[in-house]
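New notebook page. I wanted a first look at this chain, from its annotation down to its core.

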Amino acid sequence: MRLTVLGCQSPFPAADGATIGYLLEVGGKRILMDCGSGVLAQLAKKCKPYELDLVLISHLHHDHISDFFVLQYALLVANQFQKRNQPLSVWAPSEPKGWFEKLSYRNYILLQAITEGKTVSLEGVNISFFLTDHAVPCYAMKIEYDGKVLLYGADAGPRTDWTRMAIEPDLFICEASFLHKDLPADPIGHLSAKQAAQAANQIKARRLLLTHLYPELDPLQLKQEAEQEYHQELLVAEIGLEINL
């Protein structure tokens, strides 16, 4: 498995940045995980958008889906020029209903609803979905292939039960939206860097990738805060970062 960070900022991108999106290359397939603002421009450095095999959308907030609607046009044109003749399989939460329905686009997309505990298989790649603590239905994703486990935490608050998803994942991608001192009184569906590190310890993650970064916050501060809790390999997401499992 090879993961490339296409976007890692939230709730808006910095200059030359992008909100949330990752390309996972596994078993000869290309899987896009979330598709936020600026993600398609970064994806173009790796492959054509119509060359994707699968898209997984964790939840229907704009910083995770805004470029998906541009991806629809890429599929339209690819079909017109006979560069793709099959619909793209897309999995996403069915709520909020209005946004879920907007993901469908003619016969270019095969849209399917994520449910708790659902497992999707793609030629040896197994993907399982688990609800997190967030303001709208949001799903973490456990991706397994050839004995390796990647856990993508999506957006998740402190009430998320990580232990039912994976123990000792090879890579845990976890949001770090705040420094702990800046946590709001009621942080709905988000974590500090300290809490992300604590979650990684709880599931004995072998590697931790901090993401969902506020673009005006120094990533080094987030890393230093997390390092006080988590003592395995720790990375802070940046566009273009590649991680091999």
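I started with the record: an unreviewed UniProt entry lists "domain: Metallo-beta-lactamase" at residues 18–212. UniProt positions follow the numbering used here, feature names are shortened, and annotations may be inferred rather than shown by experiment.

Ground rules next. Residues count from 1 along each chain as its sequence is written, and side-chain values use heavy atoms, leaving out hydrogens and water. The model is predicted, so local features need pLDDT of at least 70 and side-chain atom pairs pLDDT 80 or more, while totals for chains, interfaces and linings use all residues.

I looked at residues 18–212 again: they are 20% helix and 31% strand, with the end C-alpha atoms 10 Å apart.

Then I checked burial: 55% of the 245 residues count as buried, meaning under 20% relative accessible area with a 1.4 Å probe, protein chains only.

What sits in the largest nonpolar core? I found 60 residues there, and Ile31, Trp162 and Leu210 are among those with the most contacts inside it. Such a core joins buried Ala, Val, Leu, Ile, Met, Phe, Trp, Tyr and Cys residues through side-chain atoms within 4.5 Å. Helix 5 (residues 193–202) gives the most to this core, five residues. A second, separate core has 29 residues, including Cys35 and Leu88.

Last, I picked Leu210: its contacts (heavy atoms within 4.5 Å) include Cys174, Ala193 and Leu234, leaving aside residues up to four places away in sequence.

Key. Buried < 20%, exposed > 50% of the residue type's maximum accessible area, 1.4 Å probe, protein only. Helix = DSSP H or I, 4+ residues; strand = E, 2+ residues; numbered from the N terminus.
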